[in-house]
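Here is a short briefing on one model. Please keep the sequence and the 3D view open while reading.

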Number of protein chains: 2
Amino acid sequence: METARTETPRKSDITRAAILAAARCRFAEDGYDQATIRAIAAEARIDAALVMRYFGSKENLFSAAAVFDLELPDWSDTPDAELGQAVARHFVDRWNADDAFKVLLRASPTSELAVSRMQEVLSGQLEPVIRKLVSDPATAPLRAALITSQVLGMALARTVMRFPPLISLERDQVASILGPVFQHYLRGRLDADLPKKRGAPLPR
Amino acid sequence: METARTETPRKSDITRAAILAAARCRFAEDGYDQATIRAIAAEARIDAALVMRYFGSKENLFSAAAVFDLELPDWSDTPDAELGQAVARHFVDRWNADDAFKVLLRASPTSELAVSRMQEVLSGQLEPVIRKLVSDPATAPLRAALITSQVLGMALARTVMRFPPLISLERDQVASILGPVFQHYLRGRLDADLPKKRGAPLPR
């Protein structure tokens with residue numbers, strides 16, 4: 001939407017945005033340790049000293065770059081049987097659209113900041129939405145964590161491990177394969193006595 | 001099993017084993033980049049120069065330490081409906097028993113060697129076993145990769161991300177929760193036209 005404001009963006013805003021975009025790219029490709037301020041500055045076509053002037057430290061820059069909004073919709077009106085599929089599709093679209101997810105994934109083995117940021121995404125964004133979808137709200141944290149584990153695993157297997165059979169999948173295929181899994185994580189029985197009933201059909 | 005050999009192990013074998021154990025520990029905790037020869041030597045209670053004399057380089061040491069044998073059993077006689085559960089239980093037991101899996105998981109974002117090692121585990125160990133279990137052998141690579149993606153994701157979510165609801169799960173619970181998922185990955189339809197049939201029950 002156009003606004004009445006006619007002034008051009010401030011030069012500092014543009015510089016800041018360029019640094020953040022370059023940082024997301026380098027952190028996503030190289031991980032936290034190997035991404036250097038120098039490489040980020042080169043990617044942004046500016047001087048490394050300027051990166052430090054804007055963000056102060058590599059840690060601060062990472063903190064500003066690794067903001068990941070899941071942009072979760074309200075699935076309250078989604079037909080129950082289509083829920084897993086809808087959640088799967090959203091995650092596949094979201095992780096393709098935003099490098100911040102890849103940043104957190106790659107940086108987490110060596111960055112406590114990335115780990116706590118990912119924990120916040122789980123508890124602050126996904127859990128509240130899942131809570132509204134399940135009959136027993138007490139199970140929401142576990143269900144949300146299980147979904148996230150498969151999202152992380154699929155992303156890791158595709159982008160870091162580069163397993164050929166998964167790389168060649170289309171987005172639609174990934175969503176359709178994960179749909180029944182997420183349906184299980186949302187609706188299945190998750191209690192400890194399941195092992196005694198090995199072979200029982202998957203609970204809906 | 002006791003053998004007739006009475007000679008004691010050579011001192012060099014003991015030193016070598018101590019270095020490898022220390023390396024697995026440090027690589028698993030710190031990842032490839034942050035684990036130093038100095039820290040590994042300290043963990044093994046020996047001089048850093050000795051580590052280099054035995055293995056030549058950090059890369060060689062990593063290569064020797066990050067050998068991961070899935071020790072997959074033959075599941076040919078497992079009743080079909082119990083297959084997913086059996087596979088899940090094996091993976092849960094295996095990743096708890098061997099630090100090499102954690103080494104590969106933590107090192108992979110920054111180490112190409114770790115990535116190719118993990119690709120070898122998938123194609124050289126898991127795929128051949130899965131091929132014997134499925135009706136269409138052409139789907140074996142995809143099915144094996146899907147199982148691995150959830151194994152990796154669960155391990156990442158527990159050991160790196162430390163999601164509270166997953167950390168507190170018992171091994172039996174993890175296996176029982178993942179059982180139906182692996183059954184889907186082994187037996188479910190994985191073709192691209194599934195999205196058109198959203199809401200269909202999980203194929204067995």
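Helices here are DSSP runs of H or I with at least four residues, numbered from the N terminus. By that numbering, Ser135(B) sits in the loop between helix H7 (112–131) and helix H8 (140–160) of chain B. The model is a predicted one. Chain A has 10 helices and zero strands. Chains A and B bury about 4,900 Å² between them.

**Fold of chain A**

- Read from the N terminus, the elements of chain A run α-α-α-α-α-α-α-α-α-α.
- Chain A has 204 residues, and 50% of them are buried.
- Take the contacts in chain A between residues at least 6 apart in sequence: 66% of these join residues at least 24 apart.

**Symmetry**

- In general, two copies of a chain are related by a rotation about an axis and a shift along it.
- Here a rotation of 180° with 0.0 Å of shift along its axis superposes chain A on chain B, at an RMSD of 0.0 Å.
- The two copies are therefore related as by a two-fold rotation axis.
- Which residue of chain A comes closest to the rotation axis? Gly153(A) does, with its C-alpha at 1.7 Å.
- Both copies use the same surface: 100% of the contact residues of chain A recur in chain B.

**Interface between chains A and B**

- Chain A gives 55 residues to the contact, and chain B gives 55 residues.
- Of the buried area of about 4,900 Å², 66% is on carbon and sulfur atoms.
- Polar contacts across the interface involve 16 residue pairs, both partners at pLDDT 80 or more.
- On chain A, the helices that each supply at least two residues to the side touching chain B are H1 (11–34), H6, H7 (112–131), H8 (140–160), H9 (164–167) and H10 (171–187).
- H8(A) gives the most to that side, with 13 residues.
- How many salt bridges cross the interface of chain A and chain B? There are two.
- Arg162(A) and Glu112(B) form a salt bridge, with their closest N and O atoms 3.1 Å apart.

**Salt bridges within the chains**

- Side chains of opposite charge can pair when their charged atoms come close.
- Over all chains, the structure holds 22 salt bridges.
- Glu29(A) and Lys102(A) meet in a salt bridge through their side chains, at 3.4 Å from N to O.
- That pair links distant parts of the chain: Glu29(A) is in helix H1 and Lys102(A) in helix H6 of chain A, 73 residues apart.
- Glu29(A) is partly exposed, at 38% relative accessibility. Lys102(A) is also partly exposed, with a relative accessible area of 23%.
- In chain A, a network of salt bridges links Arg26(A), Asp30(A) and Glu43(A).
- In chain B, Asp30(B) forms a salt bridge with Arg26(B), the closest N and O atoms being 3.0 Å apart.
- Both Asp30(B) and Arg26(B) lie in helix H1 (residues 11–34) of chain B, four residues apart, or about one turn of the helix.
- An α-helix has 3.6 residues a turn, so residues three or four places apart point the same way.
- Arg26(B) has a relative accessible area of 17%, so this residue counts as buried, the limit being under 20%.
- Arg94(B) forms a salt bridge with Asp98(B), the closest N and O atoms being 3.4 Å apart. Both residues, Arg94(B) and Asp98(B), are buried.

**Helix ends and loops**

- Asp98(A) lies in the loop between helix H5 (83–97) and helix H6 (99–107) of chain A.
- Is Asp98(A) buried or exposed? Asp98(A) is buried, at a relative accessible area of 15%.
- The Asp98(A) side chain reaches the backbone nitrogen of Ala100(A) at 2.8 Å.
- Asp47(B) caps the N-terminal end of helix H3 (residues 48–55) of chain B, where a side-chain oxygen lies 2.9 Å from the backbone nitrogen of Ala49(B).
- After H3(B) comes Gly56(B), with a positive phi near 80°.
- Ser135(B) and Ile40(B) are 95 residues apart in sequence, and their C-alpha atoms are 47 Å apart in space.

How values were computed: Residues are numbered from 1 along each chain as its sequence is written. Chains are lettered from A and ligands numbered from 1 in the order in which they are written. This is a predicted model: local features need pLDDT of at least 70, side-chain atom pairs count only at pLDDT 80 or more; totals for chains, interfaces and linings use all residues. Side-chain values use heavy atoms; hydrogens and water are left out. Buried means under 20% relative accessible area, exposed over 50%, partly exposed in between (1.4 Å probe, protein chains only). Contact means heavy atoms within 4.5 Å. Copies are superposed by least squares on the C-alpha atoms of residues with pLDDT of at least 70 in both. A polar contact is a pair of N or O atoms within 3.5 Å; within protein, one must be able to donate a hydrogen and the other to accept it, and residues adjacent in sequence count only if both atoms are side-chain atoms. Buried area is the accessible area (1.4 Å probe) that two parts lose on being put together, summed over both. A salt bridge is a side-chain nitrogen of Lys or Arg within 4 Å of a carboxyl oxygen of Asp or Glu.
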